[in-house]
Amino acid sequence: MTRKGKKQLPQKFNQTIKNSFVKGLITERSELNFPEDASVDELNCSLSKAGNRTKRLALEYEAGYEESSNTTTSGMLYTTKTWENVGENPDLQYLVVQYGSRLRFYNKGTIPLSSGEVPTSDANATPYVLNMTPYAYSGGLGASASRIEVASVSGRLVVVSPQLNPFYIERDPDTGVFTVTSITFTVRDLSFNKSRISLTSSTTGPGIDRQYDIYNAGWTADTITTYKAANANAWPPLTHPWYSGKTAVGAFDAAEWALIYGGNSLIAPGHFLLDLFNPDRDTASGLTGVSPPTVPTTRFNSVVAYAGRIWYGGMDSKIYYSQITEDISQLGNCYQQNDPTSEEFSDLLDTDGGFVRLAEASGIRKLHVFGSSLLVFAENGVWRISGIDGNIFRATDFSVFKVTDFGLAQRGSFVSAQNSVPFWWSYSGIHTVQVTEQGGMVEVNISRETIQTFWRDIAESEKISVTSEYDALNNRIVWLYSNAGETITGKLNRLLFLDIDLGAFYPWSISDASTDSPEVVGTSFYKGAGADIIEFTVVDDNDDEVEDAAGNTVVVNLSAGTLKSSEIFLLVRNPATRKLTFATFNSTSFLDWGTANYEAYAEAAYNFIGDLGRRKNSPYITTFLKQTETGFELVGSTYNPLRESSLKVSAYWDFKKTASSTAQEAYRHKQPLVVNTSDLTNVISPTTVLSTRLKLRGRGRVVRLRFEGSRGKDFNLLGWETLDAMNNGY
């Protein structure tokens, strides 16, 4: 055969083999340098560390689910937290659900989780619900306006919110009775009422504020009287303490005091202790009419246990910390134990409380313990608080270092992963922290080279709703947020996963049922082990059941360990009943809520088959899919396979938006499955992997393949091979 007098050379053939498709979605590479094993686009697929890619399971109510005893309102604020070590039982965990201004509790050791509403007490089976309205501070927006943050401390749960006066909850392990206690925050008054310059000289006829400053600096009524008598009734300056003028016999002498040159320096105030949120200088000093200090106009938005004490942040640029909490009464003791104005015992102690001021920080949103450090996440950056040289914090010995300018934009995006490694969303992307060989910390943007465009296209109105969870079983993170155009406030129907081991992102979406579609409003991870209250029959030494005087069998309720699969639970509101329950991605119907179809597809990387210039074709593709059928069900006289698969394959040549041919079915049994009528769960098949050879239509310089599932069916793609043909010349 000739063409313009030249002999046409035969095409060269080779194979492209793909047995790993796990780099996830990539949006930050061009068509000409797209990485192998990544996807150009995908939705509702699961990535396996073994290299295969499957269709996600459908979302359904958990098996045997129950609904909450109380109704809720659509669009209200929801939050889920975990109470660890309840009543100092290390196996007992409660899921804490905030809905509006109320808290309810679920025992994470129960199966199903939704049946685990914690009773009011052992004697009262009514599910315990805490109304937080009494703890809302006066002048705020109300208890339902802000999400809570919690910390587990000595079996109690400390609760804070920008709209709440902090409190802690405890549950008596013997009676099951709940007790809620407000936390009083005590601080030393470390500020002066009058200007610092005016305090460096003596004064006659001082106002009440100047008098307070003098007393707060440690001067006593006796020493002031003695000073005034020697100085024409003038009050002392605060350039040096009163005990600078002590005589050999320990008495104060004004003339002796005057021999000490104080210059224009000032001694430290702090003699008086005040309530941080209700400061009363009159009561503390015995004076009348003292100007109050600046009273906080909000409350804490973050709390954490670190270095043997409790830390509180988010109210202003100060991070408050308690004294070492040897007793629960010290939770709010954020002050130095020794009087800083004392002559004999003024030293700061390692165990003292106080605060760390981060003057540059704006909008502190999260406190997080990472290794031996406390990380402070603000809107405009992240700071590290630790001891000197990376040691644990001490009140007498600590350092503050700014890690990065990329702060926390949405508090709900923050996740603590394995070994407490933090991940968060800023206004610029998704970030984490890495520890250097020298023990320092550096920020790493993990979206900039991967899914920055995808992340950027999530509207700010959708990012506001973001909440997150760490799946410790699979070492992955999931961020949930609202879909574009969602009309129900707080409804979460988009999911973005990060597989930390693979470094791969992949998105899911939740489909709505046609009517009264359940509303996902929160999430929680169950680690697979817990404790539940189980009824045991009392027996005697002969293993005979013990009966009471009325002849009834004696039983006792004891805490016992439980085991079940670790997984992520979604908190769901049923709009038909207005009640809460839980759902999981566990259904093999592959229809969300049993009826709603969802797309599941993945588009593989661009394949240039050797070069960019020559035209090619791939006449054949062989797909390899895991057989997924798990049994049969008898419908009428027909045996229908359970968990049947379907996977359609199509090719897109030369960057076209439309396929070069109709999608073809790749899941084909070469031999029919044999039904064992005596055991429908037994699938008789000669193989575990189905290989199917298909003709692949089209030609061009580059091809990308699209794999797409079908309604109500599974797929498990292990890999594929294409036979590629390339022209010898251009």
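# Exercises on a predicted model

Leu 612 sits in the loop between β41 (601-604) and β42 (616-626); strands (E, at least two residues) and helices (H or I, at least four) are DSSP runs, numbered from the N terminus. This is a predicted model: local features need pLDDT of at least 70, side-chain atom pairs count only at pLDDT 80 or more, and totals for chains, interfaces and linings use all residues. Residues are numbered from 1 along each chain as its sequence is written, and side-chain values use heavy atoms, with hydrogens and water left out.

## Exercise 1

Classify Leu 612 by accessibility, then find its surface patch.

Step 1. Take the cut-offs: buried is under 20% relative accessible area, exposed over 50%, partly exposed in between (1.4 Å probe, protein chains only).
Step 2. Leu 612 has a relative accessible area of 48%, so this residue is partly exposed.
Step 3. Patch members have over 30% relative accessible area and no salt bridge; nonpolar side chains (Val, Leu, Ile, Met, Phe, Trp, Tyr) are joined within 5 Å, like charges within 9 Å. Areas come from the Shrake-Rupley method with a 1.4 Å probe; for residues, only the protein chains shown count as cover.

## Exercise 2

Describe the surroundings of Asp 592.

Step 1. Asp 592 lies in the loop between β40 (579-587) and β41.
Step 2. Its relative accessible area is 0%, so Asp 592 is buried.
Step 3. List contacts (heavy atoms within 4.5 Å). Beyond neighbours within four places in sequence, Asp 592 touches Arg 56, Ala 58, Leu 59, Ser 509, Ile 510, Ser 511 and Tyr 598.
Step 4. The side chains of Asp 592 and Arg 56 make a polar contact at 2.7 Å. Such a contact is a pair of N or O atoms within 3.5 Å; within protein, one must be able to donate a hydrogen and the other to accept it, and residues adjacent in sequence count only if both atoms are side-chain atoms.

## Exercise 3

Step 1. A salt bridge puts a side-chain nitrogen of Lys or Arg within 4 Å of a carboxyl oxygen of Asp or Glu. The whole structure has 29.
Step 2. In the pair Glu 36 and Lys 18, the closest N and O atoms are 3.3 Å apart.
Step 3. Glu 36 lies in the loop between β3 (12-18) and β4 (39-43), and Lys 18 in strand β3, so the pair ties together parts 18 residues apart in sequence.
Step 4. Glu 36 is exposed at 53% relative accessible area, whereas Lys 18 is buried at 18%.
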